[in-house]
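Trainee: I am new to this structure and would like a close look at a single part of it. Could you take me through the aromatic rings and what lies around them, giving the cut-off for each term as you go?

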Amino acid sequence: MTFHPARRPVPGLAAVLFLLAPIAIAQSANSKPILIHVDLTDAPRHLLHAHLQIPVNPGALTLEYPEWIPGDHRPSGPIDNLAGVFIRANGHDLPWRRDLVDLYAVHVDVPKGVAQIEVDLDFLAVPGSTGSDEDGATDNNMAVLEWNSVVIFPAHVPVSQIPITASLTVPKGWKFGTALTKTGEIGDTSSFASTTVEQLVDSPVIAGKYFRELPLAPEVSPKHYLDVAADDPDDLDLKPAILDSLSKLVRETGALYQSRHYESYHFLLSLSDSVRGEGLEHHQSSDNGIEEHGFSDDDLEITNADLLPHEFTHSWNGKYRRPIGLATPDYHVPMQDDLLWVYEGMTQYWGDVLAARTGLFTPDQYREALAFSAATLDNQPGRTWRNLQDTADASSILREESPEWGNWRRSQEYYPEGELIWLDADTTIRNLTHNQKSLNDFCVKFLAVGGNTPPKVVPYTFDEIVADLNSIAPYDWRGFLRERLDSHAAHAPLSGIERGGYRLIYSDQPTAYEKALLGKHGAADAWFSLGLRINGEGEIIDVRFDSPAFKAGLGPQAKIVAINGHGYSDDVLKSALKKSKASPDPLELIVSNTDEFRIVPIEYHGGERYPKLERVTGTPALLDEIIKPLTSPAPPASPGK
Ligand SMILES: [Zn+2]
């Protein structure tokens with residue numbers, strides 16, 4: 001991108017910044033706050049402008065751009081999309097040189113007598129090479145600003161100790177929501193109370209032409225808000241049932257976690273088919289991005305049911321309580337991901353349970369989602385070489401991997417398999433204590449430690465998890481967890497489902513959840529039958545190791561042209577699977593690979609197979625107990641305005 005003149009410091013901007021600066025500015029021992037102004041007026045063309053005033057001392061200075069992004073668990077800071085970087089002192093350009101080892105750092109010599117430098121930079125909100133969450137977070141009608149994409153600051157100082165004061169200009173007439181405290185507004189420019197770089201990066205902004213802020217569970221303190229930006233203004237009118245469920249989510253988390261670790265909480269929600277899908281947790285807010293009709297279309301709604309409960313839960317599990325290896329002092333120190341099966345796995349568990357407790361999932365949908373996830377894990381041969389622990393340890397290299405041969409490589413299974421392990425733990429505690437205790441009690445012990453607090457980080461270790469579980473129900477929890485984390489068993493840990501009174505079976509009809517999920521991705525699923533995952537065009541996305549399709553010699557990137565003499569379609573596939581049961585002949589596929597065609601016979605006679613949970617009669621239905629709400633079923637009238 002070429003430098004855009006609009007990015008130059010605007011005459012009079014310094015005066016505006018001064019006017020907007022809050023009276024009480026948090027000062028660290030010897031430093032004034034950095035001032036940062038972000039201009040979103042070019043967001044519709046995917047261009048964000050930032051101007052920073054950074055207090056400095058003369059001499060050698062290193063400036064850092066965030067590399068390891070909290071919640072992303074990896075070095076994904078989108079530095080490839082940084083452009084138009086100019087560093088100046090007293091109106092003169094200062095030469096800078098990038099560090100040859102740490103590419104996120106630049107070195108500058110600050111001349112004598114200079115106490116402040118000015119930095120101009122642009123962020124290109126377009127797809128980049130880091131796969132970062134900031135890519136494409138703008139369109140004609142909205143922008144989601146994650147501040148890590150536009151901030152640069154002196155290196156080697158803990159980010160919790162760098163004061164910073166932000167201001168923001170939005171396109172004319174746009175409104176915005178954020179957990180930052182607004183202190184002033186002139187036209188389309190707003191100023192915020194001084195904070196730290198850590199909290200600024202933790203407090204994204206959602207801005208939109210079509211925007212609405214709705215209070216949730218208004219009787220609860222601290223206050224909770226839903227900040228929605230939509231491409232279609234009609235989508236701002238969310239269904240009353242969704243709003244009721246989100247208010248209930250606020251109440252249920254109060255009952256479950258028995259603490260709050262924020263001053264107020266903002267669910268930022270973008271409804272758009274052009275702005276990227278997202279789920280990024282913060283202490284006092286979450287950045288949630290779903291489809292334009294993600295909460296108005298019934299099928300899409302099912303697939304999005306757990307998103308907000310998941311990201312909200314992270315305020316406790318992940319942000320407040322954080323694995324010690326992820327509680328880094330800045331965004332330069334590499335993060336260690338070994339406890340992500342707690343950070344993400346337990347959040348996955350509670351995200352789904354809370355979706356059911358609040359009505360975002362029906363009980364059937366909860367079980368259907370669990371069945372699909374459990375069956376996928378149970379049919380994943382890669383588990384024989386990569387154990388669950390390694391999916392966490394290697395998380396930063398597994399996040400953006402291709403689905404091709406994904407069942408053999410494995411991905412970030414600490415999410416769904418972590419969920420199975422925590423269900424296993426919950427049902428074990430219930431059994432050990434004759435239903436007097438449950439994982440709910442562990443949550444209070446683990447997540448409410450210290451009572452209600454403002455945003456802060458309380459790190460933990462594996463040993464603390466074991467000790468806290470033991471305090472709820474004495475057991476060999478170390479052995480329990482290590483066995484499941486280190487296992488190379490061919491099958492997934494399904495004991496929690498079984499102890500919950502259900503078993504995983506396969507039927508010839510997909511559940512409503514599986515239909516909705518496959519519909520969302522335009523995919524056909526013969527995964528649990530032939531061992532094929534296929535997109536809407538018949539292209540093979542993945543082949544399950546050791547499956548009938550694998551044994552027939554198929555692999556990803558081939559395209560199925562025909563099955564049993566009929567041109568490929570979802571219906572032709574289903575019909576062929578159905579007939580396979582009664583036929584002694586193999587299925588016959590015509591497959592193209594680049595410009596070569598070949599006939600591939602697959603020996604398979606099992607019919608259609610789709611996972612579901614079946615109730616085991618005569619056993620306690622703990623799974624049904626777990627998803628019962630903790631709060632009264634009659635909430636006050638739904639909020640709205
Ligand atoms: Zn998460």
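Mentor: With a relative accessibility of 4%, Phe480 counts as buried, a word that here means under 20% relative accessible area, with exposed meaning over 50% and partly exposed the range in between, using a 1.4 Å probe and protein chains only. This is a predicted model, in which local features need pLDDT of at least 70 and side-chain atom pairs count only at pLDDT 80 or more, while totals for chains, interfaces and linings use all residues. Residues are numbered from 1 along each chain as its sequence is written, and side-chain values use heavy atoms, with hydrogens and water left out.

Over the face of Phe480 lies Arg484, at 3.7 Å from the ring centre; a charge sits over a ring if NZ of Lys or CZ of Arg is within 6 Å of the ring centre and within 35 degrees of the ring normal. Arg482 is placed over the face of another ring, that of Phe462, at 5.2 Å from its centre.

Across the whole structure, a search finds 29 aromatic pairs, where rings of Phe, Tyr and Trp (its six-membered ring) pair if their centres lie within 6.5 Å, and planes under 30 degrees apart count as stacked, over 60 as edge-to-face and the rest as tilted. One of them joins Tyr262 and Trp316 edge-to-face, at 5.9 Å centre to centre with 80° between the planes. Because Tyr262 lies in the loop between α3 (240–257) and β19 (264–271), and Trp316 in the loop between α5 and β22, this pair ties together parts that are 54 residues apart in sequence. Tyr262 and Trp316 are both buried. Trp477 and Phe480 also form an edge-to-face pair, at 4.9 Å centre to centre with 65° between the planes. These two are three residues apart in helix α15 (residues 477–486), and so about one helical turn separates them; helices (H or I, at least four residues) and strands (E, at least two) are DSSP runs, numbered from the N terminus. An α-helix has 3.6 residues a turn, so residues three or four places apart point the same way. Trp477, at 0% relative accessibility, counts as buried.

To return to Tyr262 and Trp316, ring pairs link them with Tyr257, Tyr265, Phe267 and Phe312 into a cluster.
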